[in-house]
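This report concerns a single structure, which is shown below with its sequence.

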Amino acid sequence: MALNWKPVQPPRPVTLCGRSVTLEPLDADRHSGAIWNAVRGHDEVWTWLADGPYASESALHAALAEKQASQNAVFLAILPAPNGQLANRPDVPSPHPAAGYASYMRIDPAHGVVEVGNILLSPGLQRTTAATEAMYLMARHVFDDLGYRRYEWKCNAENQPSRRAVLRLGFSFEGIFRQHMVIKDRNRDTAWFAMLDREWPALKQAIENWLDPANFVADRKQRYKLAAYLQSKRL
């Protein structure tokens with residue numbers, strides 16, 4: 001652990017580009033239509049979120065406008081590129097439609113701690129290379145660009161898909177906070193996960209190895225699962 005820790009800067013709206021996905025600052029006017037089309041008829045995507053589902057695009061637009069204006073979180077739209085196309089440059093708005101969003105939240109620059117949360121992935125974005133790369137780009141920005149010490153992920157303890165996803169990405173399970181919240185009139189026990197700055201270099205290399213085009217064959221099938229690369233990099 002480095003001595004003489006100095007506070008870091010809070011995350012700000014930023015564009016992050018990868019091979020298969022672009023993240024850009026959430027903009028209700030720009031993104032609500034595409035997100036509405038991506039999730040319409042799939043109310044299950046809101047099950048574990050504190051808001052939604054929404055009955056109309058206008059209602060979703062209003063909710064996204066509130067997220068866009070939030071002073072406590074930084075929301076990024078997730079725009080996957082069609083197969084075979086590269087994501088866009090960071091200085092040019094992506095031409096691809098948004099299929100979800102995620103945020104930096106519970107931001108604590110004084111202690112170098114930040115959480116990724118409020119993650120909405122449309123059915124078409126779930127379990128894709130773009131979804132994995134989006135989470136990688138957000139983690140890389142936190143550690144490599146901003147210098148944070150700790151990156152957190154929290155979810156309802158009953159949300160098994162989220163718990164599997166976070167472990168797949170290399171976060172470590174840290175425990176359950178019982179009766180932590182009341183969400184949509186129901187108790188929420190919260191499962192806590194985190195990765196640390198000293199763990200990030202090995203995790204970063206493992207995810208980059210998995211994302212390498214050489215790891216994919218016809219029909220975008222992976223040669224090796226991410227778990228295999230993570231296991232090879234565990235210290």
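This is a predicted model: local features need pLDDT of at least 70, side-chain atom pairs count only at pLDDT 80 or more; totals for chains, interfaces and linings use all residues.

## Nonpolar cores

The largest nonpolar core comprises 46 residues. Within this core, the residues with the most contacts are Leu 23, Tyr 104, Met 135, Met 138, Tyr 151, Trp 153 and Phe 171. Helix H3, which spans residues 129-145, is the element that gives the most to this core, with 10 residues.

The surroundings of Leu 23 can be set out in detail. Residues up to four places away in sequence being left aside, Leu 23 is in contact with Val 14, Thr 15 and Leu 16, with Leu 76, Ala 77 and Ile 78, and with Ala 134, Leu 137 and Met 138.

## The cavity

The count of cavities of 30 Å³ or more comes to one. The volume of the largest cavity is about 40 Å³. Its lining consists of Met 135, Tyr 136, Ala 139, Leu 169, Phe 171, Met 195, Trp 200 and Ile 207. H3 and H5 are the elements that give two or more residues to this lining, and H3 gives the most, with three residues.

By residue class, the lining of the largest cavity has eight nonpolar residues, no polar residues and no charged residues. Met 135 and Phe 171 line this cavity and also belong to the residues with the most contacts inside the largest nonpolar core.

## The second largest pocket

The second largest pocket has a volume of about 190 Å³. Thr 47, Trp 48, Asn 156, Glu 158, Ile 183, Lys 184, Arg 186, Asn 187 and Arg 188 form its lining. Strand S8 (residues 186-196) supplies the largest share of that lining, namely three residues. The lining of this pocket divides into four charged, three polar and two nonpolar residues.

## Lys 154

Lys 154 is located in strand S6, residues 150-156. Its relative accessible area is 10%, so Lys 154 counts as buried, the cut-off being under 20%.

## The loop between H5 and H6

Asp 212 lies in the loop that joins helix H5 (200-211) and helix H6 (226-233). Asn 215 is found in this loop as well. Asn 215, with a relative accessible area of 2%, is buried.

The side chain of Asp 212 reaches the backbone nitrogen of Ala 214 at 2.8 Å. Between Asp 212 and Asp 144 there are 68 residues of sequence separation and a C-alpha to C-alpha distance of 19 Å. Asn 215 touches Asn 209 and Trp 210, as well as Lys 221, Gln 222, Arg 223, Tyr 224 and Tyr 229, with residues up to four places away in sequence not counted.

Definitions and conventions: Residues are numbered from 1 along each chain as its sequence is written. Side-chain values use heavy atoms; hydrogens and water are left out. On a 1 Å grid over the protein atoms alone, a cavity is a set of points where a 1.4 Å probe fits but cannot get out, and a pocket is an open set with protein on both sides within 12 Å along at least five of seven lines; lining residues have an atom within 4 Å of a point. Grid points are joined across faces, edges and corners, and a volume is the space filled by probe spheres set on the points. Helices (H or I, at least four residues) and strands (E, at least two) are DSSP runs, numbered from the N terminus. Ala, Val, Leu, Ile, Met, Phe, Trp, Tyr, Cys and Pro count as nonpolar, Asp, Glu, Lys and Arg as charged, and the others, Gly among them, as polar. A nonpolar core is a set of buried Ala, Val, Leu, Ile, Met, Phe, Trp, Tyr and Cys residues joined through side-chain atoms within 4.5 Å. Buried means under 20% relative accessible area, exposed over 50%, partly exposed in between (1.4 Å probe, protein chains only). Contact means heavy atoms within 4.5 Å. A polar contact is a pair of N or O atoms within 3.5 Å; within protein, one must be able to donate a hydrogen and the other to accept it, and residues adjacent in sequence count only if both atoms are side-chain atoms.
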